[in-house]
Structures are given as structure tokens and as C-alpha cells.
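Here is a friendly briefing to read alongside the model. Keep the viewer open and follow the topics in turn.

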There are 2 protein chains.
Amino acid sequence: MSRAVQLAALGLVGFGLPAWAVTLIADVRAQQLIVACAVVSFLGFLGTVYLVPKVAAKTQARGICGKDLNKRGTPAGDIPIPESAGLAPGCVFLLCVICFELLHYYDIGSLVGFVRSGFTGELKTEPIADSWLVDYNAALATIGFMLFLGFSDDVLDIRWRVKLILPLFASLPLLVAYSGGTGIALPKPLAALGLPPYLELGILYKVYMVMLGIFCTNSINILAGVNGLEAGQTFIVACAVLLHNLLSVAGWPGWGAGGAAAPGVRDGHLFSAGLMLPLAATTFGLLVFNWYPSKVFVGDTFTYFAGMTIAVAGILGHFSETLLLFLLPQVFNFVYSLPQLFGIVHCPRHRLPVFDPATGLLRPKDAPDWNLVNLTLQLFGRCGENALCIRLLALQVASCALTFGLRYLLQGYYK
Amino acid sequence: MSRAVQLAALGLVGFGLPAWAVTLIADVRAQQLIVACAVVSFLGFLGTVYLVPKVAAKTQARGICGKDLNKRGTPAGDIPIPESAGLAPGCVFLLCVICFELLHYYDIGSLVGFVRSGFTGELKTEPIADSWLVDYNAALATIGFMLFLGFSDDVLDIRWRVKLILPLFASLPLLVAYSGGTGIALPKPLAALGLPPYLELGILYKVYMVMLGIFCTNSINILAGVNGLEAGQTFIVACAVLLHNLLSVAGWPGWGAGGAAAPGVRDGHLFSAGLMLPLAATTFGLLVFNWYPSKVFVGDTFTYFAGMTIAVAGILGHFSETLLLFLLPQVFNFVYSLPQLFGIVHCPRHRLPVFDPATGLLRPKDAPDWNLVNLTLQLFGRCGENALCIRLLALQVASCALTFGLRYLLQGYYK
């Protein structure tokens, strides 16, 4: 399959399923909001495609670029590839989210009528709860702060021990402003053991929030090293979360009590959808350049920003357990990497496979590094970089499909 | 005067007057909050002093540095000076503001008792209005976004036409979340002309907000080119605004109706004080390294972040007219620079004076550039760089003193 066909297939599946889910939503106001957000996100996609080459030219001029180690020994391995291209989708994402916040003030139906009639007629406004705005602005501050720290890291090469806690700083605005519940609804089987149906965690819940932020940012950052993998996994997870959100808003069987979801639950999922749609769209814009063979690298700028956005959606949407199921490959890769990260097993500077210029295939080192990329090569045999990325992304899709299946089968039994 | 004495004198005047004003405040809760904020800001000062050399080493390693053009021809002119040191006070400032937000949740008196008794005893919480949190988080998002864009500019060298509108993007979170009044109280003399006492501006007020953000960031950015000038003017303006805020909270004669200020007015000034205290403290930490002879340059990172912080304080504190009086030298320099900025008069890459290595003095070019730095040299004669900076900062102090004097004399007549 050519590069364009691969990208088109990815985009079709990623955006197609959520588009179908939108048609299931009975609430007109919610549906209008999501369509408006989709329009803004589409503009965000175009903006990203426009901006990435410009940002890449600037970062390259400043010497923020690297060589593609998986192509060493071929002519493509000698070309410096601009780094930190994630700056473009990150900034466009923030603008999309701000635009979307603005749209919330208006009745979308009257807004469409207003534009159609040549900016005349009545423009109805909608009341907005202050508590919603608090969450929204805290999310904006947190994601923006993380994007900034990611870019600072790309430019200044911060030591990894400091890097690890950067998400802690970034998640502070969210932590301080968070006013939602600090407990978790326990699964029904545990209630049989005498545990309460709702466990109040208090301050521990806030610790959990920080941990989730640190995990999401770093776990995407270390499942990397293959062209298109960081942006690809982000795109798939964002689309899966989006589908989950939309099904919950629609109250599809298995998602909600067989009808419209309760207002509180619904708002959380709408909020998350408002973050995931622009994330998926801008990430797809980045993939246009980052897919194999990469013309740009995404940098920590992207992985940090994307990871934090997903974590914020999970926290404020109140579905962090489901989120962790979507992230199963990341969880596995993180746990499997721990022996090397903690220095129990020798950890080289780059935990990449070895490229054989003669065959064009990748193989694990003689002492394979402990991560999912190398494990995939060990289990499924040598392959080219493009095929390896597709295999890893297929695993991501499988884990998302598994989550949806479990969720559907366990309805009523679990919670 | 030696370097240390100059810095000490600046710090003493800058922090001394607001410290005196705190003693005038009768409201215990407000006084406690300000003292708590001062403690956090002092930690911020220490943090900045700790971080600046580390950040400077990192930016220098990445090649983000420049030579001191006002020392060309001497050995000091050949040393590359690290740029973008404003990253350190910027990040520390954001952390201070977040800490301060957290402190708002607690009764400060009970917090002190809690810490004194070895973290036992009752920790009383205070109710926080959601509308306050909205403003706070919007301010945080805006300032953080501006800091990020400033740093991006330092790294990527964005074209100046794009640069000019960066504050527009950064001020969007504030603009969207802003829910305060959108009118201005007109001066009493204008009421005699038949104008209403309160003029509702509607959308024009939001345009004014954006303009103020663009003006503050760029006007500090172009009153520059002398060691310590950018950070020095920021420090003086921040201290003046802080003094104004504290006098307003205290209801000092001329500030408020001769007693405690109305709750709405008071909250705005408390909010602004919570931004100005950490700004003054972290800027002073930066000045320790940036004062003549500079060991670091502040970069657009600092000027953008500082300008936006001051603008946000003026907007959310509702004293933007007084703020513009404090910024008289910047207003003058901006207007005086317009012929060059618009290309009516030839504009070189750097609008700096000429340095004479033999005498160590600065003089204007034969065709002097149209800015305040050169005008000061033309009016008051040649001088060294340190003396020039002190003269310009003295002008800033004078314009702040004038504002306070006018405000005191015009009480009752003006508004």
C-alpha cells in the first residue's frame, strides 16, 4: 500500500466510527455542539498541515533536528530531519479549544442562521455554568503549560530525572482548580466482598490524577523510535476515546442506562469529546508529514502535549479506568521497560532496533532492549520500519477493540 | 555606586513602599493573604536566583546567545551572553501563582497554626467563588501561553509582523472567559459635557483588552537595548502597580472613598496584587544577573511574559487607565518609534546607540534612531551604559510618582 492509501485508511477508520456515533445522539443541542467542534477541528487539521512545514523550517534553521537512526547506512539516513514539529499541532490545538470554548456561549442553531443570513438576525446566547468554565480554563492552562515544557525540553535537553516530573508542574493548575468528586465507583463484584459501592479517596485521588498525567505523557514518549508511531498511537487512542465519549452521550446499549446519560456523566463526556476531536484532527495533520518516511519528527513537544491532553480528558471526563484499558500497549511497554529504566538491566542511549541497509529490515539487537518495539520484532520476525509501525498500531487498535468488547459484555455485571 | 549597592537600593525602594502600604490594611483576611503571597514570592525570588544560571547554561549550549553590542571593541564585547534567561522567572512565576491559588482555599490564620503545631490541629478552608477561579485560571492560561510564545520566538526567530499579533493569540483565553463589566466610568468633567457617568462599550471593550495586551508586551520589548533596562522597568512598574493595589485595598485617602474599598473593587486589586508581588520578586531575581554588566539577556521570553502579566493585572483589576499613566515612558517611546516602525524613517536592525571603546561612553548615531534611549543621550549628554540605564529607570520612577501625585490631587474632582 502506498503512503497516501495507508494514511487514508487510518483516517477513514479513525474518524468514521465517531462520525457514525454522532448520528446516534438524540439530544439536538449536544449533536450541534459536536458538529460545530468537528468544523473547528477540520480547520485545525488544515491549519496544522499549513504550519508544520513552516515550523520545521524554523527548528531546522536553529539546529533542532536529528538523523533517522532506522535508516542509517542509506542516503535517507544522512538527511537531518527537523525535530519538535509537534509545536504546530500543539498551538493549533490550543486555538481550536479556545474557539470551541467561545462557541459554547452561543446557540449553534441560531449561529448557523446568523451566518447564513449574511450576519443579520438574532444571535441567541446560552447560559454557561461557571464551574464548567473553571474546568475548561484549568484544562487549557495545564495542556498549554505541558506543551511549553515539552518544547523547552526539546530545545534545552533537560535531564531525564527532571523530565519525569515536568508533568507534575503542568498538572498543578488542574489539581488546584479540580472541584469534582474525589472517589471512585467500585465494580459490583467487589461489593460482594463487603466493600462500599463508592470509595472516597480524598487527597489520594489527587495523587492519582498527578500519576495519571505523569504516566500518559511518559508512556507515549517511550513507545517511540519508529516513524509515525508516536503520532499514530495518539491518533488511535484519541479516536477510541472520542467514540467512547459519543456512545456515552448517546446512551448506546452498554454505555449509559439504555437511554440518555445522566446530565453529570453526559457533560464529562462532552467535555472530553471537545478535547479529543481537535487532538485527533491536529495529530492527523501532523501524521501527513510524520508517517513513514518521516519528513519531520514530533519531539517531546508533541508526546508531552498529547499525553497530557489525553490524561486531562480522562480525569475531567471521569473515565480514567477505561482510558487505561485503551492504553494497554503503553501500560505493558512501561512495565516491561522498568528494568532498563531503573538500571537493573543495562540501558543504552537509544533503545532502537538495528537497521540492516542490505535488506532494509529491522532486527532486535543481540541483547534485545526491553521494550514493545523490540518484542514485536522478536515475536513476529524481522520487518521494514513501515510494517513495524503498522504492526504496533494494529496492536493499539486491538486493545481499543478489546476494551469496547469488554465494556459491552460486562454491562450490568461490572458497574 | 557598586553593582550590589545599586541593586539593593532598587530593591529597597521597590519593596519598601508596598511593605508600608500593607500595614495600612485594616482587613485581617486581606492582610494575611498578602503576607502569604509575599512569602511565596520570596521563595520565588530564591527559585529564580537558583534557576537562572542553569537555564542560561542550557540556552548557551543550544546557541541561543548574543554578543553585547554596547561593549563592542572591549574584551567584554566578545563574550557570548546567554539569551532567553526570562524562562526562569517565567516558570517560577507560574508556580508561585499556582501556589497562591492553592493558599486561597485555606484560612491563612488556621494554616499558620497548623504548621506551627507540627501539622496537627484544624485546617479551616475558605469558600471560593467560581467566578474568581475562572478569572484566575484564564489569567494563568494567558500568561503561560504568552511565555510559551515568547520562548518560541527566541528559539525560532519569528518574523516581526507575526510577532506583533502573538499577544492576540495569548489573550484569547482571557477574552473568552472574561465576564466582568465591558464599560468605563467616565471622568466627572466629561459628565458636565452631557456624557453619561458610565459608558457601555460592549465588544469595543474586548478590542481594547486585546490592544492593551499587544501594547504592554511590545512596548516593554522595544524600550530595550541597555543592560538591565527591560527587567528594571518591569520591576518598577510592578512595584508601582502593587503599591496602587495595596493603597486601594486599604482605602487610603485618594484611593477609595476614605475607608475600606467596595468588595468588587477590593477583589480586583487583591487579584492584581497577587500577580504583581511574584512578578516583582522573580524579576528582581532576574535583575541579579541582568543588571549592568549583564551575565544573561532576558529575551522576548521575559518581555512578552512580563508585559502580558501587567496587562492582565490592569484588565482584571479594572485600573487600566492608571496603568497607562505608570507606563508613560513606554507610551512615549512607542509613539516616538512609530515613524521608524512604519518605515517612514529608515529603521536599522538594531536601534542602539554607538559605543566608544576609548571613553567607555555611549552616544547617539549621527542620524539618531527615534527612541527614548537615544533621546535621553541627546538631551542629557553622553554617558556610560550603567548611567544610561539608571537615567531611564529614574524617568520610569518619576512617571509613577507623577501618577500617584495626580491621583492624590484629583481625588473627588476626577471620578
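In chain A, Ser84(A) sits in the loop between β2 (80-82) and α3 (87-103). The model is a predicted one, and in it Ser84(A) has a positive phi of about 60° although it is not a glycine.

**Cis peptide bonds**

- In chain A, the peptide bond from Tyr292(A) to Pro293(A) is cis, and its omega is near -10°.
- Pro293(A) belongs to the loop between α11 (263-290) and α12 (299-317) of chain A.
- Chain B has a cis peptide bond from Tyr292(B) to Pro293(B), with omega near -10°.
- Pro293(B) is found in the loop between α11 and α12 (299-317) of chain B.

**How the two chains are related**

- Two copies of a chain are related by a rotation about an axis and a shift along it.
- Here, chain B is superposed on chain A by a rotation of 180° with 0.0 Å of shift along its axis, at an RMSD of 0.0 Å.
- This is the relation of a two-fold axis.
- The copies meet through the same surface, because 100% of the interface residues of chain B are also interface residues in chain A.

**Helix packing in chain B: α1 with α10**

- Two packed helices are described by the angle between their axes and the distance between the axes.
- The axes of α1(B) and helix α10 (residues 229-250) of chain B come within 8 Å and cross at roughly 10°, so α1(B) and α10(B) are roughly parallel to each other.
- On the α1(B) side, the contact involves Leu10(B), Gly11(B), Gly14(B), Phe15(B), Leu17(B), Pro18(B), Trp20(B), Ala21(B) and Val22(B).
- α10(B) contributes Phe235(B), Ile236(B), Cys239(B), Leu242(B), Leu243(B), Leu246(B) and Leu247(B).
- Sorted by class, this contact of α1(B) with α10(B) has 14 nonpolar, two polar and no charged residues.

**Helix packing in chain B: α5 with α6**

- Helix α5 (residues 130-156) and helix α6 (residues 160-170) of chain B have axes that come within 8 Å and cross at roughly 155°.
- α5(B) and α6(B) are therefore roughly antiparallel to each other, and α5(B) passes α6(B) in a right-handed crossing.
- From α5(B), the contact is made by Thr142(B), Phe145(B), Met146(B), Leu149(B) and Asp153(B).
- Its partners on α6(B) are Lys163(B), Leu166(B), Pro167(B), Phe169(B) and Ala170(B).
- The residues of the contact of α5(B) with α6(B) comprise seven nonpolar, one polar and two charged.

**Salt bridges**

- Over all chains, the count comes to 16 salt bridges.
- One of them joins Arg266(B) to Asp27(B), with the closest N and O atoms 2.1 Å apart.
- Arg266(B) lies in helix α11 (residues 263-290) of chain B and Asp27(B) in the loop between α1 (3-23) and α2 (28-61) of chain B, so this pair ties together parts that are 239 residues apart in sequence.

Note on methods: Residues are numbered from 1 along each chain as its sequence is written. Chains are lettered from A and ligands numbered from 1 in the order in which they are written. This is a predicted model: local features need pLDDT of at least 70, side-chain atom pairs count only at pLDDT 80 or more; totals for chains, interfaces and linings use all residues. Side-chain values use heavy atoms; hydrogens and water are left out. Axes are lines fitted to C-alpha atoms, for helices over the stretch in contact, and angles run from 0 to 180 degrees between N-to-C directions. Helices (H or I, at least four residues) and strands (E, at least two) are DSSP runs, numbered from the N terminus. Angles under 35 degrees count as roughly parallel, over 145 as roughly antiparallel, 65 to 115 as roughly perpendicular and the rest as oblique. A crossing is left-handed if the near helix is turned anticlockwise from the far one by less than a right angle, and right-handed if clockwise. Contact means heavy atoms within 4.5 Å. Ala, Val, Leu, Ile, Met, Phe, Trp, Tyr, Cys and Pro count as nonpolar, Asp, Glu, Lys and Arg as charged, and the others, Gly among them, as polar. Copies are superposed by least squares on the C-alpha atoms of residues with pLDDT of at least 70 in both. A salt bridge is a side-chain nitrogen of Lys or Arg within 4 Å of a carboxyl oxygen of Asp or Glu.
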